[in-house]
Every structure is written in structure tokens, then in C-alpha cells.
Amino acid sequence: MDVSIVGSGYVGTTIAACFAELGHTVVNVDVDADVVAAINDGDAPIHEPGLAERIDAHAGTRLRATTDYEAVRDTDVTFLALPTPAREDGSIDTSIMESGAASLGEALAGADDHMVVVKSTVVPGTTEDVVESALVSAGFDDPLLAMNPEFLRMGSAVDDFRHPDKVVFGARRDAAYDQLHAVFEPLLADAGDATVVETGLREAEMIKYANNAFLASKVSLINDLGNICKELGVDAYEVADAIAEDDRISGRFLRSGVGWGGSCFPKDVAAITAAAKDAGYEPAMLEAAVEVNDRQPERLLSLLDGHVDVAGERVAVLGLSFKPGTDDIRGTRAVPVIDGLQDREADVVAYDPVAAEKMAEQRPEVTYADSAAGALADAVGAVVVTDWDEFAALDDEFDAMAERVVVDGRRVVDPQADLTYDGLTW
């Protein structure tokens, strides 16, 4: 099939490359000429394992990019993968989505049998109230509308697309379901265990929020339980391993630590909380999940306080991305950790395998090391924020520390006999 995707960010670029790999002819539409040029040159505009090689393999053949919305007229279906940033009150800003839909509507004016699929995460009602309204106002009458939420995780987005647990099709007409099945047929043929959920537009929008709100709450719950375990002298990880044997609970998202971040959990929990309050409902569980998460960085630093006075001293922060496998620093727990160390007048030196450059743009006052060893040298303490595999291999590097104190927020460092080692929940 001929597929167009409006938006070449994290989601848009990933699904474009993956749809091309499935055999579709794909065109990415984006207003950023530099991003368009990068894709056409076979270069990935974002860091995501497995993405660069797929763009390199298909650019110029089944995959191309353009700034011209008119390109969508030669395709059968268009996916809208545009940003929906958070406002100060947590609600989503749909202005970019509305503008993109309007440009799409102008390009498709008078077209027949073209389906528009919302891929972006939007609160229930947005697909109809914002996207459809903008399409129709711009001249694209009676669009075949669908909603197909993404469940892609940073650091494993390509694999998540290729091996989904579920694929959600939200629509109002049978023709839209048929078209969605046609687009995803090559994927579903290989991912035989994936569940296909056919539902309404508003339900499809809500499923994404419910998914992320549940997982964020699960992480906060295990962190709360882990904090209790810490106070009672109990190994929280052994407790988690045991309760994971109950198939009603499962072991996923049961690793207690410094908390959740990223572009999805914080924004999505805030957005659905704001939507609930706007509708007159107080979501106490979700508010509690956020409160627990916000406390974890300070709990990490309080453990460091118990071992060393960091005022005027060098402290290493290991890990800046919100999770391993990505350079994304949105919502990273490293920011409140760095803030807390600076409030304590520490000299912060940070290291991350891929995210240091992005963090330096936001926090230029921090010193950035080229390696974990460089960050640890002469430090009176270290805090581990991101569980990169290379941190598990650290050994002799601790010898260069002024004081061998490590507070591990992810239980990744191997404790050593002559290392003062502490963790959030153990």
C-alpha cells in the first residue's frame, strides 16, 4: 500500500521505517527541512536501536520524506503522528495537531476513499472534535477517520512495533477497520500472537492513557512498597520476585528504584488527570502515583547525605537519559537529582553513553565526563540514575574516587566489599 505519515518525530519516523520494511511505499511529511533531508540521505534523525539501519536500507526506494503536504494525495492512508505537548496545567496542547490536520485537509480537498489515522496520543474526543473538524473545515469532506494508538517504548520502539502485544483499531465505520487491517496485515501475519482490538474512536484514545496510567501506577506502587521494605530491613527485590509469581501481578514493571520519566508516563498521567478533573472527577490514585514518583529522587539524595557531606565536593551522576537505550531526557529523574545536588552546593559531574549532549543544552553549568571512570575520578560519592549495562561492569573505576560511596537508584552496580554501597529500596 501507499502510506503517508505526517510528522517525523520519534513515533512518525519509527513507524515510517517499519512500514517500509513491511513492504509499503511510505512518504514522511514534515515541516523541518533538515529532518526531511536526513531521512532522504538515509540517516535517522533520532537515536533508537534498529532504526538507523532500516532508514538506510529503505531511503530512496520504499521510504522518502518531503515538506510538501500534496504528497499525501498519492497515498491510500495518512497517519497523523504530531506532537501534543503538555500545558502548565497538564492538559495537552492540540494546536500542532489542529494545524497539521488543516494542512492535510487542504491537500486532500475533493479526495475520495482516503483514510486519516490519528497516531498521536490525544484525550478522548480529540480525533472527532479537533482533527475531523480541522479536516472538514479545510475542505476534506466526510473523511474516513480512525485512531490507532502507539505503544512504543523508547529504546525498544522498533522491536515493539514488530512484536506488539496488541494492535488497537478505533473507528466508526467498517470500511476503516478493513483499511486498517490491510495496512497492518504484513505485520499481523508475522506477529501471530498479537491481539487486534476493534473499538470506537474515544475508546481507542482512552486505551493509550489507561495503559500508561496503569503502568506508571504499578511502578509507583512497587516503589512505595520498596520504601517500606527499606525502612523495615527487607530486600524489596526478593519480595518483588516472589509476588511476580502470581499471574495476576506478573513481574514486569516491578523493579523498584528512582522512579519513572520519559515523554509518555509523565505527560499521559498529567493529561488524563487534567481531563478527569475537567469532567469533575478527582483521580486520587493517579495523583498518589505522581506524588510517590516525585519523592524518589530526594530519597536517593537523602541516602547520599547519610554517608557524605557533598557541599563543595565533586559528585558523579551516572546516567542522564530517562531509561537505557535512548538519548531522550524528557522527564528524566536525573534532572531533580542534579537539582538536589546543586541545592546542596555539590560540584556535579555527569556521564551518559548517549544523552550528555542533550542534557548539556539544558544544563550547561554541569561538567560532563567522557566516561564513567572520568566522572568517578576524585568524586566523594556517586549516584546511579539510569541502568545502563556498562555501569554493571564498573569495578576498578571506583578506586579513583576520593571516597568510595555509591548510592544506586537502579540496583545495577555490583556491590563490593570495600565499597560503601546503598540503594533506595534495599
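Glu 298 forms a salt bridge with Arg 344, and their closest N and O atoms are 2.6 Å apart. A salt bridge here is a side-chain nitrogen of Lys or Arg within 4 Å of a carboxyl oxygen of Asp or Glu. Glu 298 lies in helix H11 and Arg 344 in the loop between helix H12 (334–343) and strand S10 (347–351), so the pair ties together parts that are 46 residues apart in sequence. This is a predicted model: local features need pLDDT of at least 70, side-chain atom pairs count only at pLDDT 80 or more, and totals for chains, interfaces and linings use all residues. Residues are numbered from 1 along each chain as its sequence is written, and side-chain values use heavy atoms, with hydrogens and water left out.

**Salt bridges**

- The structure holds 23 salt bridges.
- In the Glu 298–Arg 344 pair, Glu 298 is partly exposed at 41% relative accessible area, whereas Arg 344 is buried at 18%.
- Buried means under 20% relative accessible area, exposed means over 50%, and partly exposed lies in between (1.4 Å probe, protein chains only).
- Arg 299 forms a salt bridge with Glu 231, with the closest N and O atoms 3.7 Å apart.
- Arg 299 sits in helix H11 and Glu 231 in helix H8, so this pair ties together parts that are 68 residues apart in sequence.
- Glu 231 is exposed, at 60% relative accessible area; Arg 299 is partly exposed, at 24%.
- Arg 248 forms a salt bridge with Asp 246, and the closest N and O atoms are 2.6 Å apart.
- Arg 248 is exposed, with a relative accessible area of 73%; Asp 246 is partly exposed, with 23%.
- Salt bridges also link Glu 21, Arg 54 and Arg 162 in a network.

**Domains**

- The domain assignment gives domain 1 (2–199) and domain 2 (236–426); such bounds come from an automatic or database assignment.
- The C-alpha centres of the two domains lie 33 Å apart.
- Domain 1 puts 16 residues into the contact and domain 2 puts in 18; contact means heavy atoms within 4.5 Å.
- UniProt, in an unreviewed entry, places the feature "domain: UDP-glucose/GDP-mannose dehydrogenase C-terminal" at residues 316–415.
- UniProt positions follow the numbering used here, feature names are shortened, and annotations may be inferred rather than shown by experiment.
- Residues 316–415 are 26% helix and 18% strand, and the end C-alpha atoms are 17 Å apart.
- Helices (H or I, at least four residues) and strands (E, at least two) are DSSP runs, numbered from the N terminus.

**Annotated sites**

- For "active site", the unreviewed UniProt entry lists Cys 264.
- Cys 264 is in the loop between H9 and helix H10 (265–278).
- Setting aside neighbours within four places in sequence, Cys 264 is in contact with Asn 212 and Val 269.
- The unreviewed UniProt entry places "binding site" at Asp 30, Thr 84, Thr 121, Lys 267 and Arg 330.
- These positions span 301 residues of sequence and are also spread in space, up to 22.9 Å between C-alpha atoms.
- Thr 84 lies in the loop between strand S4 (77–80) and helix H4 (95–107).
- Thr 84 counts as buried, at 6% relative accessibility.
- Beyond its neighbours within four places in sequence, Thr 84 is in contact with residues including Thr 121 and Lys 267.
- Other contacts of Thr 84 include Ile 92, Asp 93, Met 97, Ser 120 and Val 122.

- Ala 289 is found in helix H11 (residues 284–305).
- Ala 289 is buried, at 6% relative accessibility.
- Ala 289 touches Ser 217, Ser 220 and Trp 260, not counting residues up to four places away in sequence.
- The C-alpha atoms of Ala 289 and Ser 220 are separated by 5.3 Å, although these residues are 69 residues apart along the chain.

**Nonpolar surface patch**

- Leu 221, Leu 225, Ile 228, Leu 232, Val 234 and Val 239 make a nonpolar surface patch of about 520 Å².
- Patch residues have over 30% relative accessible area and no salt bridge; like charges are joined within 9 Å, and nonpolar side chains (Val, Leu, Ile, Met, Phe, Trp, Tyr) within 5 Å.
- Accessible areas come from the Shrake-Rupley method with a 1.4 Å probe; for residues, only the protein chains shown count as cover.
- Helix H8 (residues 201–232) gives the most to this patch, with four residues.
- Val 234 lies in the loop between H8 and helix H9 (236–243).
- Val 234 is partly exposed, with a relative accessible area of 34%.
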